[in-house]
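Have the viewer open as you read.

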Amino acid sequence: MSAILSLRGISKNFGAVAALTDVSLDVAAGQVVAVVGDNGAGKSTLVKVLSGVHSPSAGTITFAGAEVTIGSPAEAHTLGIATVFQDLALCENLDVVENLFLGRELRRGRLDEVAMETRSWELLRELSAKIPTVRIPVASLSGGQRQTVAIARSLLGDPKVIILDEPTAALGVEQTAEVLNLIERLRDRGLGVIMISHNMEDVRAVADRIAVLRLGRDNGVFDAAEVSNETLIAAITGATDNVVTRRASRRESKADV
Ligand SMILES: Nc1ncnc2c1ncn2[C@@H]1O[C@H](COP(=O)(O)OP(=O)(O)OP(=O)(O)O)[C@@H](O)[C@H]1O
Ligand SMILES: [Mg+2]
């Protein structure tokens, strides 16, 4: 499968802190890649590099066959990379339609409420979302419904890649199942999906490939259908380092002497 999005040698330093070092990642259309790793492994930094919040200190990003720079969230949006951040960034007091179209309202002279409401229903139906009415404030929706609204909003720009940061972290069992179904639907629509998660069960349920970050470095990319839990945990905790990390740490220890 050819990649819609490829990272090569991505590093990101914050002063003396190396949040990411030489990270490579490929995501194909119609594929879910989970990015896992311990606290501080660099997952959120990776998301921010891809969504134009941080620019990388080194490395290249190729999107739809061309090398790109993602200088701002607006540029990410224009390219077709959508991100649903962990805090969702929804407005509690606004209803579903208002949240979906916030900042990019449809107008025909005045606000075109009918068109926005119709488009909202279409989108939610495509996602088989269980939302009873689009005219209730987001404050009265469940966690899973909110996640759905946030994902629906990110789909309005017709992205090719969608990044979900901990989409099930705050959810109960049933809502988690709903969101995992939704992620499968995104894959079926041909999107490349990057899912950050701490929950191995959720990762196993939907991911095609699992990329492990450890201390800001690649620590292996695994086929989700084949990798054992032991291998995965070992990669996350560093009980086993892969060839790349071993070589890198050898280089570092040589540099120390
Ligand atoms: N803006 C920043 N300035 C300085 N250091 C930062 C900044 N953002 C992240 N870091 C550091 O980079 C490293 C990776 O952080 P990051 O937030 O990407 O980890 P994470 O994998 O998302 O962790 P968690 O699972 O806890 O969310 C950490 O050591 C963190 O302290
Ligand atoms: Mg994080």
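Predicted model: local features only at pLDDT ≥ 70, side-chain atom pairs only at ≥ 80, totals over all residues.

Let's start with the packing. Helix α5 and helix α6 meet at an angle of about 20°, and their axes are 8 Å apart. That angle is why α5 and α6 come out as roughly parallel to each other. Their crossing is right-handed. On the α5 side, the contact is made by G143, G144, Q147, T148 and I151, while α6 brings Q175, E178, V179 and L182. Sorted by class, this contact has three nonpolar residues, five polar ones and one charged.

Here are the residue ranges of the two partners:

| Helix | Residues |
|---|---|
| α5 | 143-155 |
| α6 | 173-188 |

Now for α4, which runs over residues 113-126 and has 14 residues. From first C-alpha to last, α4 reaches 20 Å, close to the 20 Å expected at 1.5 Å a residue. After α4 comes S128, which has a positive phi, near 50°.

What about the ligand? Around ligand 1 you'll find F14, V17, A19, G37, N39, G40, A41, G42, K43, S44 and T45. Two elements, β2 (17-28) and α1 (43-50), each give two or more residues to this shell. The largest share, three residues, comes from α1. By class, the shell around ligand 1 splits into four nonpolar, six polar and one charged.

Note on methods
Residues numbered from 1 in each chain as written. Chains lettered and ligands numbered in written order. Axes fitted to C-alpha atoms, helices over the stretch in contact; angles between N-to-C directions. Helix = DSSP H or I, 4+ residues; strand = E, 2+ residues; numbered from the N terminus. Parallel < 35°, antiparallel > 145°, perpendicular 65-115°, else oblique. Left-handed = near helix turned anticlockwise from the far one by under 90°. Contact = placed C-beta atoms within 7 Å. Nonpolar A, V, L, I, M, F, W, Y, C, P; charged D, E, K, R; others polar. Expected span 1.5 Å × (residues − 1). Near = placed C-beta within 6 Å.
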